Amino acid sequence: MIPAPYVTALKVALANYAYSDRVQIWRNVNQSDGIGGISQHWIQVAEIRATIANTGDSEGIVGGMIEQAGTWTLTCSPEVEVKADDRIYTSGNPQNLAPYYEVIGSDWGHSNEVSQTIALRSRSNG
């Protein structure tokens, strides 16, 4: 087992030197609309340093049209809470219809002590 001070130093070093992207994590939350109903809003829950990498591209014919797909991976600190259905923005936000990554799988709470890996799907608004 790695001693705690070394794990902490490794986490800091990864965050400072290996995670080259600054990303924002947005989450869909329900809020009262004040008249007895509920509305859904996207709120920014964190801005972190991480690395986003393409892990594979594919294309196929779906309904007579070529459909392209890509899978991406976000690597970040294990303390960052990232949940399925969160959105990852590298620039922009949901209000300006910026492209984003949808979180399709996360190992938050089950990762190793140094980093966590999150599966993403590239999306665009509008």
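Start by selecting Arg87. Arg87 is buried yet takes part in no salt bridge, and the nearest side chain of opposite charge, that of Glu102, is 6.6 Å away. Here buried means under 20% relative accessible area, exposed means over 50%, and partly exposed covers what is in between, with a 1.4 Å probe and protein chains only. A salt bridge needs a side-chain nitrogen of Lys or Arg within 4 Å of a carboxyl oxygen of Asp or Glu. For charge, Lys and Arg count as positive and Asp and Glu as negative, while His and the chain ends are not counted.

Stay on Arg87 and show Tyr100. The two side chains make a polar contact at 3.3 Å. A polar contact is a pair of N or O atoms within 3.5 Å; within protein, one must be able to donate a hydrogen and the other to accept it, and residues adjacent in sequence count only if both atoms are side-chain atoms. Arg87 itself belongs to strand β4, residues 87-89.

A word on the model before going on. It is a predicted one, in which local features need pLDDT of at least 70 and side-chain atom pairs count only at pLDDT 80 or more, while totals for chains, interfaces and linings use all residues. Residues are numbered from 1 along each chain as its sequence is written, and side-chain values use heavy atoms, with hydrogens and water left out.

Now zoom out and colour by secondary structure. The chain has 1 helix and 6 strands, in the order α-β-β-β-β-β-β from the N terminus. Helices (H or I, at least four residues) and strands (E, at least two) are DSSP runs, numbered from the N terminus. Along the principal axes, the C-alpha atoms fill a box of roughly 50 × 45 × 25 Å. Of the 126 residues, 26% count as buried. Among contacts with a separation of 6 or more, 54% come from residues 24 or more positions apart; a contact means heavy atoms within 4.5 Å.

Next, select Glu102, Arg121 and Arg123 together. How are these three side chains linked? Glu102, Arg121 and Arg123 form a network of salt bridges. Between Glu102 and Arg121, the closest N and O atoms are 3.2 Å apart. Glu102 lies in strand β5 and Arg121 in strand β6, so this pair ties together parts that are 19 residues apart in sequence. The salt bridge between Arg123 and Glu102 has an N to O distance of 3.1 Å. Arg123 is also in strand β6, with Glu102 in strand β5, so that pair joins parts 21 residues apart in sequence. Arg121 is partly exposed at 33% relative accessible area, and Arg123 is partly exposed at 36%. A search of the whole structure finds 4 salt bridges.

For another of these, select Glu81 and Lys83. They form a salt bridge with the closest N and O atoms 3.2 Å apart. Glu81 is partly exposed, with a relative accessible area of 31%, and Lys83 is partly exposed, at 39%.

Move to Gln116. Gln116 is in strand β6, which spans residues 116-123. Is Gln116 buried or exposed? Gln116 is buried, with a relative accessible area of 0%. Show the backbone of Val80 as well: its oxygen lies 2.5 Å from a polar atom of the Gln116 side chain.

Two loop residues come next. Select Asp85, in the loop between β3 (65-76) and β4. Phi of Asp85 is near 80°, a positive value in a residue other than glycine. Asp85 is exposed, with a relative accessible area of 53%. Then select Leu97, in the loop between β4 and β5 (100-106). Phi of Leu97 is near 55°, again positive in a residue other than glycine.

Finish at Glu67, in strand β3. At 44% relative accessibility, Glu67 is partly exposed. Which residues does Glu67 touch, not counting those up to four places away in sequence? They are Ser58, Glu59, Gly60 and Val62.
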